[in-house]
Amino acid sequence: MSTTPDSRTALRICPLCEATCGLTLTIEGTRVAQARGDRDDVFSKGFICPKGASFGAADGDPDRLRTPLVRKDGELREATWEEAFDAVAAGLRPVAERHGPHAVGVVLGNPNVHTMAGALYPTVLLAGLGTRSLFTASTVDQMPKHVSSGLLFGDANAIPVPDLDRTDHLLLIGANPLESNGSLCTAPDFPGKLKALRARGGTLTVIDPRRTRTARLADRHVAIRPGTDALLLAAMAHVLFEEGLTDLGELTPLVQGLDELAAAVSDFTPEAAAGACDVDASDIRALARELAAAPTAAVYGRIGSCTVPHGTLASWLVDVLNILTGNLDRPGGALFPQAATDRTPRPAGPGHGFRLGRWHSRVSRHPEAKGELPIAALAEEIDTATEEGEPVRALVVVAANPVLSTPDGDRLDKALGSLDFMVSVDPYLNETSRHAHVVLPPPPPSQSPHHDFAFNTLAVRNQVRYTPAAVPLEPGRMAETEILARLVLAATGMHGADPSAVDTLVIDQTLGKAVKEAHSPVHGRDPRELAGRLTGASGPERRLDMMLRLGPYGDGFGARPDGLTLAGLLERPHGIDLGPLRPRLPQPLKTRSGLVELLPPPLADDLPRLRDALRRRPDGLVLVGRRHLRSNNSWMHNIPALTGGTNRCTLHIHPDDAGRLGVVDGAPVRVKGAGGEVVAPAEVTDTVRRGVVSLPHGWGHDRPGTRLGHAAVEPGVNVNQLLDGSLLDPLSGTAVLNGVPIEVAPAGTTL
C-alpha cells in the first residue's frame, strides 16, 4: 500500500461484526483514508470483508454527531458535555426516587459488545440503578442459546463453538455465515474455513429454507419449512437412539439424564416430523446417520433456528446432538473457548446452576432470562398501567435502535414519546434516539481502543489482541468509556464525581474478592498492593490489565512470571496466539450436579408444546429474515459503500408463489402481518422455497426527525412492523421473527 508523506499506518480490530478481523489503517492527518486486512494478525491473517474495507467511510460518516444534544423547548439542540450530564442527572434521579428503581429501564443494543466501553460499564450502571427493567438485543437474536447453555451446563455464557479448522463434518441450521460472517462463533474468514473443510474431504450440510450463499457451497442443502428446526433436530436425536448410534465416549461419566432424554424424544420419529418440516423421513434419517458416522462432527445453529417459536428447544437440541455423538468437548467437534479475560478457572465441581423466571415483566408476566426481560415487551412496559408496579418512565438507551429492530416499532415509537425522560448514547440521531431528552455521542471507532471481551469467549481459536486508539480524540470529543462512566455517576446520585472513581471502585471490588478465593493466584494477598501494580494509561486499560493478570493465561500479579499482562500484550500489536481450542470439561460446568444435565425440567416441560407442532401444517405464506454481507445493523445503511447492489430491501418470493398471486418481479407488493403492513419491491427468485418470502431487517428509515441522510434516500421498509410482538419463545422471551404467517398481494389490491 502506498502512503503519502503525511500519512501513517495504525492497527485496529474491526468492530463492525463478530469476526473481529485485524485491520491496517492508513491515516492521513486524523482521517482514516484506507483499511486493509492485517496480514500479521494472529487470528484473521489478513482476511477482510466489505464492511472492514469500508471502515474509513463508517468512521468518517458526516452524519455522526459530534457534540451532545439536549432537548430544550421541545427541540434537540447542541450543548456542552457539562450541560448534557447536568440534564441526565436532573432527569433520571427524580424518576428513580419518586417511582422506584424499576421505573428506570435500560436498553442495550448489539454494538455494545463491539466496544470496550460497552463491555466494562453497563453492568456497573445496572448495579447502581438496581433496576430489573433490562432489555437487550439478545431477545431478538441469541437468548435461546444462553438459556439452553445455562440449563445444560449451568452457565448461560458457556457456549460451545464448532472447531471449524479440524472438523470432518459440519451441520449448519439457520445459519448463513458467508453473509453474516458468523454469530456466537467468532471466526475470521468463515467462508475460507468452510472451503477448507470441503478441500480436506469434509462434509458441509446446510439446513435453511433459503438457498443462501452458504447453502450453495454445501454438499447437502435441506430446505426445511421455517420454524420447524426443533422438530427436525428432535427427529435426528430419535434416530440416534432408535438405531443405536449414540456414542458419548469420554463424555459418559459427565452426563446425566440419557435414558430420560431417549424417552422424551421417542415420539419424534422422522415419519412424524416429516410432514411438519416438509423434509422426507429418509433425509432426516440420513442426516442423523451421517452425523454419527463422521470421524468428528459439529452441529451449529444460529439466528434462523433461534428466532422461532421453539428457539430454546432448537438451541438445546443442537448441543444434544453434539453430546449424543461424542462430539462435545473434543477436537473437531464443539468446544468451549477460553478467553484471556475469563475469570480465574475454579476447580471442577457442582455450582449454583441456572434459574429462569426469578422475576417477571409487569404487564404480560414474561419470565426473566439471564437478568433480562423480552425487548418485545418494552412498549407495553412503558404505555400500560397495571396494579403491579410502576411503568417504565425513564429509559437509558445505549447503542440501540429498537424502533427498527424489534416488533411493532410504531407502538414503541409512540411509547418512547410518552417517557418522562430518555437518554441515548448513540453516534446518530436515528429512529429511536430522536425521542431522547439527551443524546451523548461516542467518538468514531478510530478514536477508541479495542479489545473483544465478549467475542473472545466465542472464538474458534484462543487468542488475545488489543489495539489502542488509532487516532487521538478530536477536540470536543469525549471517550466512550468516560461517557459511560459519567452516565453511571449521573444516574446513581454521584453526578460531578471524577469518572475515574468508577474504574477504581470496580478494581477495588474485583481484587478484594479475588484475594478471598482459594483458587485465585492472588489468594491471601493485599488488594491495595495489587492495585498499585496495575499498568495502563487509563482506567479501562488498568481494568484490562487486571483481568488479564487474573485470567487463565495471566501472570497472577507475579505468581506466573511468563503469564499475560497488558504491558506484554502491547509489545505484541498483532496479538498473541494462545492455541487451538482444547477439551475443558468438567471445569466449565456450573450445574448443581456438576454434570451436563441433558433434560432439565424447564426443557422437559416445554416438549409437549413441541409435540403439538407435529400436527401443524401451515397452508399460507410465512416470512423469514435475510442477512446482507455488507450490512448487519440499521446504522450501516447510512454508509454509501455498504448499500446498493444486492444490499436492497426487496421481498424475495418463489416464482410459483409469484405466479399464483399475480406478483411481478420489480413491482411493488403489499405484505401484511399481525402488526401491520408494508409495501416493498418484489424480487422473484427460486433461492427461497415455495411458501416462503423473505425481507431483510434493519430498514425503514423514513421517520421524521432523524439525521441519516443517505439511509433516507432509499429507506426501505421495516420488516418488524409486520409483527405485533405477541409471538415469543416462552423460555427465552425471544421474539419470533421467522416462520411468521403473512399475506402478500400486488400493491393496489385488497388483503
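User: Happy to begin with one residue. Where is the place of Leu-184?

Analyst: Welcome! This is a predicted model, and in it Leu-184 sits in the loop between helix H7 (177-180) and helix H8 (190-199). Its phi is near 50 degrees, a positive value in a residue other than glycine.

User: Why does Leu-184 count as buried?

Analyst: Buried means under 20% relative accessible area. Leu-184 has 5% relative accessibility, so it counts as buried.

User: What is the phi of Thr-20, and where does Thr-20 lie?

Analyst: Thr-20 has a positive phi of about 55 degrees, although it is not a glycine. Thr-20 lies in the loop between strand E1 (7-13) and strand E2 (22-28). With a relative accessibility of 1%, Thr-20 therefore counts as buried.

User: How do you know how many disulfides there are in the whole structure?

Analyst: A search of the whole structure finds zero disulfides. The test is a pair of cysteine sulfur atoms within 2.5 Å. For Cys-14, the closest cysteine sulfur is in Cys-17, 6.1 Å away, so that is too far for a bond. For Cys-306, the closest cysteine sulfur belongs to Cys-185 and is 13 Å away, which is also too far for a bond.

User: Are Cys-14 and Cys-306 buried or exposed?

Analyst: Cys-14 has a relative accessible area of 7%, so it is buried. Cys-306 counts as buried because its relative accessibility is 1%.

User: How many cavities of 30 Å³ or more does the search find, and how much space lies in the largest cavity?

Analyst: The search of the whole structure finds five cavities of 30 Å³ or more, and about 90 Å³ of space lies in the largest cavity. Of the 14 residues lining the largest cavity, Lys-145, Pro-160, Val-299, Tyr-300 and Gly-301 are the closest to its centre. Strand E8 (161-162), strand E13 (298-301) and helix H15 (311-324) are the elements that give two or more residues to this lining. By class, the lining of the largest cavity has nine nonpolar, two polar and three charged residues.

User: What makes the span of helix H10 agree with what it should be?

Analyst: Helix H10 covers residues 229-242, and at 1.5 Å a residue its 14 residues should span 20 Å. Its end C-alpha atoms are 20 Å apart, so the two values agree.

User: Why is H10 called mostly covered?

Analyst: Twelve of its 14 residues are buried, and among them are Asp-229, Met-236, His-238 and Leu-240. After H10 comes Gly-244, whose phi is positive, near 65 degrees.

User: Which bond joins Leu-585 and Pro-586?

Analyst: A cis peptide bond joins them, with omega at about 10 degrees. Pro-586 lies in the loop between strand E19 (576-580) and strand E20 (596-597).

User: One more, please: why does Asn-720 count as buried, and which residues does Asn-720 touch?

Analyst: Asn-720 has a relative accessibility of 5%, so it counts as buried. Leaving aside residues up to four places away in sequence, Asn-720 touches Leu-404, Ser-405, Thr-406, Pro-407, Asp-408 and Leu-737. Asn-720 itself is in the loop between helix H26 (709-713) and strand E26 (728-729).

Key: Residues are numbered from 1 along each chain as its sequence is written. This is a predicted model: local features need pLDDT of at least 70, side-chain atom pairs count only at pLDDT 80 or more; totals for chains, interfaces and linings use all residues. Side-chain values use heavy atoms; hydrogens and water are left out. Buried means under 20% relative accessible area, exposed over 50%, partly exposed in between (1.4 Å probe, protein chains only). Helices (H or I, at least four residues) and strands (E, at least two) are DSSP runs, numbered from the N terminus. The expected span of a helix is 1.5 Å times one less than its number of residues. On a 1 Å grid over the protein atoms alone, a cavity is a set of points where a 1.4 Å probe fits but cannot get out, and a pocket is an open set with protein on both sides within 12 Å along at least five of seven lines; lining residues have an atom within 4 Å of a point. Grid points are joined across faces, edges and corners, and a volume is the space filled by probe spheres set on the points. Ala, Val, Leu, Ile, Met, Phe, Trp, Tyr, Cys and Pro count as nonpolar, Asp, Glu, Lys and Arg as charged, and the others, Gly among them, as polar. Contact means heavy atoms within 4.5 Å.
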